[in-house]
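Student: I would like to take a close look at a single part of this protein, and then see how other parts can be read with care.

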Amino acid sequence: MATAAVPQHRSSKTESYVDNKRKDDIRIANIVAARAVADAVRTSLGPKGMDKMISTASGEVIITNDGATILNKMEVLQPAAKFLVELSKSQDVVAGDGTTTVVVLAGALLKHALTLLSSGIHPTVVSDALHKLSLKAVDILTAMAVPLELSDRDALLKAAATSLNSKVVSQYSTLLAPIAVDAVLPVVDPAHPDLVDLRDIKIVKKLGGTVDDTELVKGLVFDKKVSHSAGGPTRVENAKIAVIQFQISPPKTDIEQSIVVSDYTQMDRILKEERNHILGMIKKIRATGCNVLLIQKSILRDAVTDLSLHYLAKAKILVIKDVERDDIEFITKTLNCLPISNIEHFREEKLGFADLVEEASLNDGKIVKITGIRDMGRTASVLVRGSNQLVIDEAERSLHDALCVVRCLVNKKFLIAGGGAPEIEMSRQLGAWAKVLQGMESYCVKSFAEALEVIPYTLAENAGLNPIAIVTELRNRHAQGEINAGINVRKGQITNILEENVVQPLLVSTSAISLATECVRMILKIDDIVTVR
């Protein structure tokens with residue numbers, strides 16, 4: 001009996017033993033899945049990166065090398081891999097550029113974390129070391145940065161051009177970079193000098209022509225033609241513009257009803273009433289001197305009828321109908337006018353004024369331009385052209401990234417070298433810092449410092465250079481104190497990147513490293529996946 005009691009006593013002591021095998025398996029599965037996502041976008045990093053062709057379920061085809069777009073369209077099912085998709089989204093929100101960089105960085109950090117875990121280091125220790133490393137890395141980047149003034153147009157252009165160089169439309173960077181800079185700067189509000197709302201910049205896409213025909217319009221552009229079925233004007237100078245949200249058409253009953261008309265005289269009366277109703281409205285509009293009408297799209301009934309268009313043409317009023325509801329706020333802000341929701345409230349003080357409203361013909365379509373707006377709000381419009389829908393969409397995405405880069409510089413007025421220079425410098429300084437630390441922490445930091453070399457390595461690899469030779473040479477140059485030495489992909493060698501005008505905002509690099517480390521720490525801390533049905 002006594003012998004039987006011994007193992008029983010021992011088992012109560014060892015009840016605290018938990019099977020760690022499953023937890024390690026789940027952690028490894030998470031890391032492998034997340035790394036697979038990172039490897040998918042890795043080839044599209046940098047100016048010589050490859051493009052991805054994405055075919056959606058609906059048959060739509062997208063060609064892009066913007067990390068955020070690629071990951072957004074990918075159907076990722078593994079929960080940990082979804083983190084990386086979210087990661088590129090957050091980088092897109094914070095900085096707008098560097099969406100591929102942040103995912104590639106996270107993938108490299110995970111690879112090194114896996115090595116550390118398999119050496120038997122506890123995930124919490126790895127995670128804490130990573131947190132310390134990210135804080136130190138941001139300090140290193142800040143020390144490298146060059147301050148910038150918003151009046152320095154050249155520096156802004158260099159940053160915008162660098163962002164565009166890695167895109168499909170890179171050959172047009174000399175045209176799109178000035179457009180991005182000139183669109184953002186007027187939008188900056190002096191009351192809040194470090195905030196830019198990109199919703200104040202409207203990008204209008206119009207098929208036809210080439211990307212060379214893209215232009216910045218000081219005013220408004222509508223991708224529609226003027227409603228002149230009744231022969232109204234297509235060009236108005238000294239325009240008084242009203243944005244209306246009511247319909248210029250005969251009133252309808254509120255509920256579905258049918259009205260039975262029994263004889264002709266009643267029919268005539270109805271038509272006469274309709275005419276008088278519309279004429280009354282147009283007289284009120286004409287009385288304020290208004291000669292351009294922007295009419296909001298109406299769901300319930302036609303915003304204008306043929307009859308009202310005929311009378312508006314007689315009154316020499318230019319009509320643009322079917323203005324989207326979402327655009328009303330932008331239009332009223334630009335024109336510095338108020339939307340009018342009822343004919344009774346139609347007054348001159350609610351109108352906007354412009355020198356010219358005209359319909360312009362493009363290759364195969366028409367647009368309406370409003371220019372010379374008096375007291376124009378802080379907005380800008382960009383008309384993007386392209387030979388096919390794929391090119392236009394990619395031009396719009398690239399322009400958005402360039403606008404975001406300029407916004408980052410308005411937000412945080414510092415520039416930093418590109419071309420893998422900041423990553424190698426961080427790697428070098430963190431490696432030196434690891435020697436000062438003690439214990440496991442030092443070992444972890446040293447390993448993660450090496451992981452940062454993935455960016456220059458990938459840049460060289462994608463440009464068809466020898467990555468090992470390039471990265472070794474780069475390390476050597478940085479050790480000699482050339483902190484701005486980076487990979488010049490065009491010449492295929494290592495040069496001072498600042499002199500080559502390859503620059504990016506500090507915010508892009510700092511947010512990339514902080515977000516990537518945060519995401520990796522989150523994945524490391526997960527030790528079990530519980531599915532709830």
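Student: Is Ile 468 buried or exposed?

Tutor: Ile 468 is exposed, with a relative accessible area of 55%, where buried means under 20% relative accessible area, exposed means over 50% and partly exposed lies in between, with a 1.4 Å probe and protein chains only. Ile 468 belongs to helix α16, which covers residues 467-479; helices (H or I, at least four residues) and strands (E, at least two) are DSSP runs, numbered from the N terminus.

Residues are numbered from 1 along each chain as its sequence is written, and side-chain values use heavy atoms, with hydrogens and water left out. The mean pLDDT (the predictor's confidence in each residue, from 0 to 100) of the protein chain is 87, and 96% of its residues reach 70 or more. Over residues 5-11, however, pLDDT stays under 50, and the model has 0 contacts beyond four places in sequence for them, a contact being heavy atoms within 4.5 Å. Where pLDDT is low, the predicted coordinates should not be read in detail.

Leaving aside residues up to four places away in sequence, Thr 371 touches Val 217, Lys 218, Ala 354, Asp 355 and Leu 356. Thr 371 and Gly 46 are 325 residues apart in sequence, and their C-alpha atoms are 38 Å apart in space.

If a disulfide is a pair of cysteine sulfur atoms within 2.5 Å, the count comes to 0 disulfides. Cys 404 is in no disulfide, and the nearest cysteine sulfur, that of Cys 408, is 6.7 Å away; Cys 404 is also buried, with a relative accessible area of 1%. Cys 444 is in no disulfide either, the nearest cysteine sulfur being that of Cys 519, 18 Å away, and Cys 444 is buried, with a relative accessible area of 0%.

Key
This is a predicted model: local features need pLDDT of at least 70, side-chain atom pairs count only at pLDDT 80 or more; totals for chains, interfaces and linings use all residues.
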